[in-house]
Amino acid sequence: MAKTKIAYFCQSCGYESAKWLGKCPSCSQWNTFAEEILEKANTSVPDWKAPSTSLQRSNKPVPVADITFREEDRILTPDKEFNRVLGGGIVAGSLVLIGGEPGIGKSTLMLQLALNMPTMKVLYVSGEESERQIKMRAERLTPQPPEGGAFDNQETGSGKQEYGKSEIEHPKSEIANGACYILTETSTQNIFKQIEQLEPDLVVIDSIQTLHSSHIESTPGSVSQVRECTAELLRFAKETSTPVFLIGHITKDGTIAGPKILEHMVDTVLQFEGDRHHVYRILRAVKNRFGSASELGIYEMLGEGLREVSNPSEILLSQRDEPLSGITISATLEGMRPMLIETQALVSTSAYGTPQRTATGFDTRRMSMLLAVLEKRCGFRLGTKDVFLNITGGIRVEDPAIDLGLAAAIISSHEDMPIPSKTCFAGEIGLSGEIRAVNRVEQRIAEAQKLGFEQIFISKYNLPKAGNKKSIDLSRYTIDVKVVGNIEEVFGLLFG
C-alpha cells in the first residue's frame, strides 16, 4: 500500500509547509494554508507513457554546437487573430494556458478553434459540460439550415415533432470538423487511455481545475492536483509533440487560480478579457516562449460565436456629428499592431472636500502624475476638481504614448473647448512637462493617415539629430505632422 503524507499548501502561491501556518512566508497572505493528503505514485496506476516509436531524450550533456535544429512550420489556424497572439501559429508540443472571467468566452473560443480545424484530429476534453451541452454549443457556432424544409414537413421522419412527448426529433446538421472528438472525463489516467487509442493532433482541456490524478488524494482544483495534472499533460505534450490547450479559472483578484508555478510550467499564457456589457473581447499574450508577449487580438461576440476584428481602430473610435469637449484620439501600439483609441476626460467642480480621481482602462497613479504636471508646469488649478478618465471600447492601455492625448482631453474638458475631431496625439509626458519620444512613431503616423486624420502631434525628439542616418521622411505623409517639445507648445497650438 502506498504511503500517505499530509502537507499544507498556501492556496494563493502554492508554498508547501509541513505544518499549518497563519501567515505564508512566501506571499505574506494570512489564513491561506489548507491541508492536503499526498500519496506516492503507485506503479500499478496507469500513467502517460511515450509510444515506442517516439525518440527518447538522452540524459547525457550535449554541447550546444552539436545540437541539430530544424525550423519547423507552425500549425496555422483559420483564426488570424489567434495566430497573431501565438506568434505566428501553434507550435508543436506546446502547452498553452488560457484564463479569463467566467462567461467571457474561453470555452467558446476553444470549441470554435476545434471545429474549424478540418485537417486535424482534435480531442476536446470537458470536465464541466456534458456531451449534449457541448453539442448544443457546437450547433450554435456552426449553424446549418435544414435541407428541403425538414422542419415544416411533419409527415416525414426527418423533421417529425410530436408534441406531448419528451423527445423531439430534429434534423442532424453537419458540423464543420468531423474530426473533432468530445470526451467528458476528469481523471487524467482515463484521459490518457483515450488519447493512446485516438492519437489526436491537438488536445483541449476544459478546464485544468476540474482534473484529478490518482497519484494525489486531494480534491480537484487544489494546489497539488493542479500541479500534478499540469505536469502529466506537460510530459505528454513534450514527448509526443502534440499541442495542448488548457482553460484555467481565475480568482476574484483576476489572477489564474492555482499555484503560480502553473504559469511557469506552461509555454504560453493567454488572458481573455473584456467587459460583459460590451461585445468586444481581447485576447492578450501574458507569456510566450515562441513569440512576442505583447501581442493582442480583438474579437466581437456574436450569437454565432466569436468573430475576429481585423481593423480595431474603426470600432474603438466613436462616430459623432458635432465636436465635444474632453474627447481626443491617441495613437497606441499593442505588440506590432498600431491602433487609434478614443480617450475621454470629464473635469468638474468637486462637491465634497476630497476630489474624486477615477480612471477606467488607465493607471490611476499615472493619471495623478499627469494632473500634477498640468498644475505645476501649466498653471491649471485642478486640485479641487473631480477628474474622470475613460478609454472607450472596454480595453486597458498601458502605452505611455497616450499621455499627450489624455492631457489634452483633461484641459479640453476643464476649459470646455472641443478639440478638432481630425486631430491625433502620440507622445509621452515627463515630469518637467517635456514631450518625450515614443517608439515606432512611423507606424502611428501611417495608421492615423489611413483613417483620414488631418494632423498628429508628436515629440520633436522623435526626429533624428544631425548626423543620424535613421531619418524620418515626413514628406511621404499627407497628414500634417505637428512637432512639439513641451506641453505648453501643444496647448498654444490647440487653444491659442
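Two strands pair if DSSP finds at least two bridges between them. Strands themselves are DSSP runs (E, at least two residues), and helices are DSSP runs too (H or I, at least four residues), both numbered from the N terminus. S5 and strand S7 (residues 202–206) run parallel and are joined by 5 bridges. S5 also pairs with strand S6 (residues 180–184), again in the parallel sense, over 5 bridges. There, Ser 126 has Thr 184 as its bridge partner.

A word on the model. It is predicted: local features need pLDDT of at least 70, side-chain atom pairs count only at pLDDT 80 or more, and totals for chains, interfaces and linings use all residues. Residues are numbered from 1 along each chain as its sequence is written, and side-chain values use heavy atoms, with hydrogens and water left out.

How well is S5 covered? Of the 5 residues of S5 (residues 122–126), 5 are buried, so the strand is largely enclosed by the rest of the structure. Buried means under 20% relative accessible area, exposed over 50%, and partly exposed in between (1.4 Å probe, protein chains only). Val 122, Tyr 124 and Ser 126 are buried on one side. Leu 123 and Val 125 are buried on the other.

Val 64 is exposed, with a relative accessible area of 73%. It lies in the loop between strand S3 (33–39) and helix H1 (80–86). Together, Val 62, Val 64 and Ile 67 make a nonpolar surface patch of about 310 Å². Patch residues have over 30% relative accessible area and no salt bridge; nonpolar side chains (Val, Leu, Ile, Met, Phe, Trp, Tyr) are joined within 5 Å, like charges within 9 Å. A salt bridge is a side-chain nitrogen of Lys or Arg within 4 Å of a carboxyl oxygen of Asp or Glu. Accessible areas come from the Shrake-Rupley method with a 1.4 Å probe; for residues, only the protein chains shown count as cover.

Now move to an open sheet of 7 strands. Its order is S15-S16-S14-S13-S17-S20-S21, with mixed pairing. Strands S15 (357–360) and S21 (480–484) are the edges, each pairing on one side only. Ile 458 has Val 483 in S21 as its bridge partner.

Helix H10 (residues 441–450) lies across S13, S14, S17, S20 and S21, at about 170 degrees to S20. Contact means heavy atoms within 4.5 Å. Axes are lines fitted to C-alpha atoms, for helices over the stretch in contact, and angles run from 0 to 180 degrees between N-to-C directions.
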